[in-house]
Amino acid sequence: MTWLVGNSGDTRQHGAVEASDALLAIERHSGIKSIELHKIRRQDPALARGANERRLIKRYRRAVELAAKGRLAESYERLDKIGAVVACGLGDQADKLADEYLRLAEQNASAVVVSQTWVEVHRVNSCVRDALKTKGLLGASDTTVQVLDRLDLTNAQKRDERFYPKDAVVVFNQKIREADPGAKGNLAGIVKAGVLIEVGGRFVTVSNKMLNRISVHQPREISIASGDRLHLKANRRLRSGGRVTNGELVTVKSVRADGGIELSDGRILDSSFREFLPGYAVTSYGSQGKTVDYVLFSDSTVKAATNAQQWYVTISRGRRGIRIFTPDKRQLRESITRSGHRPLAMELAAGLTPRRVIHLWDRLHGYLLRFGRRAADNFVRLKMAHRRFRDHQLKQKHEHKITPMLGERPASTSRSHRIVP
């Protein structure tokens, strides 16, 4: 019996196009039995500071278990019963969420806000930061920096100038000819061979096969102070010798005069690294792999962006609790039952009937009917019998052909071959 150890991903979560679809196909259609880890360790009642919180964590963990089993509606009901789902209007949703984030910050509890869309993420980031600033939980002085906001373009879109804003910045994530990782440039044009990028006065052609090595960004300005949280958006080796990883949430210690940003863990983001955003709110895709004390879910009410994978990932990030802020509880409950997986090609083809191969003699049969059905049938029957006889002869000739094997040599002069040991 063959076992597939599931350490390469969880198909119940979000997945990249190239990686997760293959895993999903293996899981659904290969017949290989997988091994799964069912015990949930993140929501641990031992973390509770009292009997009441211990009961809440147990009920929270049960909701996560139900979501993992695909019982999404039951998972929602469990969270609603413990008061984790908060109904609010669109006008005060961000303010209520910011107040909750502030309350947790004053308790020194870690938290992250998750939403389905970037529009909601940017709105919540701004609102939460303003609340922290008002309470004096961030540094007094702000420094304005220009960051690069990545646009999620497909390779096909990268070959279309219409998807590049006027101020677009192209970043090389891997080395391509003279452009090293981290190099920045501007779009010079679209050519037949690929995309032409101007980098430091030189032109680099990125072939169509290498478009996944570049990303397109739009500059935007943000304010940074000590205590701010940042969401890093690229893998890079820093000039100071350290490394940063795409998806990291880091805390700012100070902003240097040369533009470098010192982090609380001692690393320094040099002035050339600007691929980050405020890190108070992230998308559910970006929250994968994160663990915090509390997760706050800001429902954007965009039905198309809400599905089973988004729900499972979002609610399972917290150790001790979750709070869900939504303007429409009924719609949210309905939306989370929709699967976010792309249908596989083999699943789309399952209901199709293979087209019968039409041979030449099948086509001629229709024309021969003018001479009578019996004559047409006999003619086609004779032709097909001749083809089968010819194929049989070719097969026999192939089977009787002697091929020298290892350790054998064929006779060179005799018409009927013999094998000499």
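Student: How are H2 and H3 oriented to each other: roughly parallel or roughly antiparallel?

Tutor: This is a predicted model, where local features need pLDDT of at least 70, side-chain atom pairs count only at pLDDT 80 or more, and totals for chains, interfaces and linings use all residues. Residues are numbered from 1 along each chain as its sequence is written, and side-chain values use heavy atoms, with hydrogens and water left out. The axes of H2 and H3 come within 7 Å and cross at roughly 165°; axes are lines fitted to C-alpha atoms, for helices over the stretch in contact, and angles run from 0 to 180 degrees between N-to-C directions. Angles under 35 degrees count as roughly parallel, over 145 as roughly antiparallel, 65 to 115 as roughly perpendicular and the rest as oblique, so H2 and H3 are roughly antiparallel.

Student: Which residues of H2 and H3 make the contact, and how do they divide into nonpolar, polar and charged?

Tutor: Contact means heavy atoms within 4.5 Å. H2 brings Arg59, Tyr60, Arg62, Ala63, Leu66 and Ala67, and H3 brings Leu72, Glu74, Ser75, Arg78, Leu79 and Lys81. Ala, Val, Leu, Ile, Met, Phe, Trp, Tyr, Cys and Pro count as nonpolar, Asp, Glu, Lys and Arg as charged, and the others, Gly among them, as polar. The residues of this contact divide into six nonpolar, one polar and five charged.

Student: How does H2 lie relative to H7?

Tutor: H2 covers residues 51-68 and H7 covers residues 308-315. Their axes come within 10 Å and cross at roughly 150°. That makes H2 roughly antiparallel to H7.

Student: What kinds of residue form the contact of H2 with H7?

Tutor: From H2 come Tyr60, Ala63, Val64, Ala67 and Ala68, and from H7 come Trp311, Tyr312 and Ile315. No polar and no charged residues take part. The division gives eight nonpolar.

Student: What is the handedness of the crossing where H2 passes H7?

Tutor: A crossing is left-handed if the near helix is turned anticlockwise from the far one by less than a right angle, and right-handed if clockwise. H2 passes H3 in a left-handed crossing. For H2 passing H7, the crossing is also left-handed.

Student: How many residues of H7 are buried, and what do they pack against?

Tutor: Buried means under 20% relative accessible area, exposed over 50%, partly exposed in between (1.4 Å probe, protein chains only). H7 is mostly covered, with eight of its eight residues buried. Its buried residues pack against H2, H3, strand S4 (111-115), strand S19 (292-298), strand S20 (318-326) and helix H8 (329-335).

Student: Which residues does Thr314 contact, beyond its neighbours within four places in sequence?

Tutor: Thr314 lies in helix H7. Its relative accessible area is 0%, so Thr314 is buried. Leaving aside those neighbours, Thr314 is in contact with Val114, Ser284, Val295, Phe297 and Ile322.

Student: Is H4 oblique or roughly parallel to H5?

Tutor: The axes of H4 and H5 come within 9 Å and cross at roughly 50°. H4 passes H5 in a right-handed crossing. The angle makes H4 oblique to H5.

Student: How do the residues of the contact of H4 with H5 divide?

Tutor: On H4 the contact includes Leu97, Ala98, Tyr101 and Leu102. On H5 it includes Val124, Cys127, Val128 and Leu132. The division is 11 nonpolar, one polar and three charged.

Student: Is Asn108 buried or exposed?

Tutor: Asn108 sits in the loop between helix H4 (93-106) and S4. Its phi is near 60°, a positive value in a residue other than glycine. Relative accessibility is 72%, so Asn108 counts as exposed.

Student: How far apart in space are Ala140 and Ser226, C-alpha to C-alpha?

Tutor: Ala140 lies in the loop between helix H5 (118-134) and strand S5 (143-151). At 79% relative accessibility, Ala140 counts as exposed. Ala140 and Ser226 are 86 residues apart in sequence, and their C-alpha atoms are separated in space by 8.1 Å.

Student: How many helices and strands does the chain have?

Tutor: Helices (H or I, at least four residues) and strands (E, at least two) are DSSP runs, numbered from the N terminus. Buried residues make up 39% of the 421 residues in the chain. The count is 11 helices and 22 strands.
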